[in-house]
Amino acid sequence: MNMKRAKIEQTLAALPVAPVQYQREHIKQELRQRIQETLWAAQDLSPEACLQEIQDRLLAIQLYCKTVGKTFIMIEEEITCNQFELGGRSEHGATLFRGPSEDASVAICVTHRGSLLHRNDSSWKIYKSAGDINPPGAIECLTNHLISRLA
């Protein structure tokens, strides 16, 4: 049995190791999971509590990234619901969380009325709609949440 274990260890030692790539993938997966958990936790909250939850959890993600030697830059800006393809009106406000690039494809948006959206590509995903947004091509995540609550 020890010889078999030694043979396995010898084989593993001879394999090319890609710890940096593995670490990057692990961090990406962890970030995706934490952002998803943030969105699910915030969607049932009041507009003010939702915004606070998003702020707190993004700060926690920033601190996590710091501990693993990565940089997570989060810009928080006040916008109107007719910007960034949200499909709303200029008299409705929102808070947008995004990366350093103004046209960042990854963003979280919380409107003053309580809508919650996220995009990780070209389309917004709606986690909560308060009727003040209507992004073209958006995917509603409400159904999945309702189904999970019924189960």
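Student: Which residues have the most contacts inside the largest nonpolar core?
Tutor: First, this is a predicted model: local features need pLDDT of at least 70, side-chain atom pairs count only at pLDDT 80 or more, and totals for chains, interfaces and linings use all residues. Numbering starts from 1 along each chain as its sequence is written, and side-chain values use heavy atoms, with hydrogens and water left out. A nonpolar core is a set of buried Ala, Val, Leu, Ile, Met, Phe, Trp, Tyr and Cys residues joined through side-chain atoms within 4.5 Å, with buried meaning under 20% relative accessible area, exposed over 50%, and partly exposed in between (1.4 Å probe, protein chains only). The largest one has 17 residues, and those with the most contacts inside it are Ile54, Ile108 and Leu116.

Student: Which element gives the largest share of this core?
Tutor: Elements here are DSSP runs numbered from the N terminus: helices (H or I, at least four residues) and strands (E, at least two). H2, H3 and S3 each give two or more residues to this core. The largest share, six residues, comes from H3.

Student: How many residues does the second, separate core have?
Tutor: That core includes Ile79, Leu86, Ala94 and Trp124. As a rule, nonpolar side chains in soluble globular proteins tend to be buried together. The count for this second core is eleven.

Student: In what order do the elements of the chain run?
Tutor: The protein chain has four helices and six strands. Read from the N terminus on, they go α-α-α-β-β-β-β-β-β-α.

Student: Where does the largest share of the lining of the largest pocket come from?
Tutor: A pocket is an open set of points on a 1 Å grid over the protein atoms alone, where a 1.4 Å probe fits, with protein on both sides within 12 Å along at least five of seven lines; lining residues have an atom within 4 Å of a point. The volume, about 640 Å³, is the space filled by probe spheres set on the points, which are joined across faces, edges and corners. Of the 26 lining residues, Leu31, Ile35, Phe72, Val106 and Asn120 are the closest to the centre of this pocket. H2 (19-42), H3 (47-67), S2, S3 (107-111) and S5 (124-128) each give two or more residues, and the largest share, seven, comes from H2.

Student: Is histidine 92 buried or exposed?
Tutor: Histidine 92 sits in the loop between S1 and S2. Beyond residues up to four places away in sequence, it touches Ile79, Thr80, Cys81, Arg113 and Asp132, where contact means heavy atoms within 4.5 Å. Its relative accessible area is 14%, so histidine 92 counts as buried.

Student: And glutamate 85, buried or exposed?
Tutor: Glutamate 85 is also found in the loop between S1 and S2. Its relative accessibility is 52%, which means glutamate 85 counts as exposed.

Student: What is the phi of phenylalanine 84?
Tutor: Most residues other than glycine have a negative phi. Phenylalanine 84 lies in the loop between S1 (75-80) and S2 (93-98). Although it is not a glycine, its phi is positive, at about 50°.

Student: How far apart in space are methionine 74 and glutamine 62?
Tutor: Methionine 74 lies in the loop between H3 and S1. Leaving aside neighbours within four places in sequence, its contacts are Leu58, Gln62, Phe97 and Arg98. Methionine 74 and glutamine 62 are twelve residues apart in sequence, and their C-alpha to C-alpha distance is 8.0 Å.
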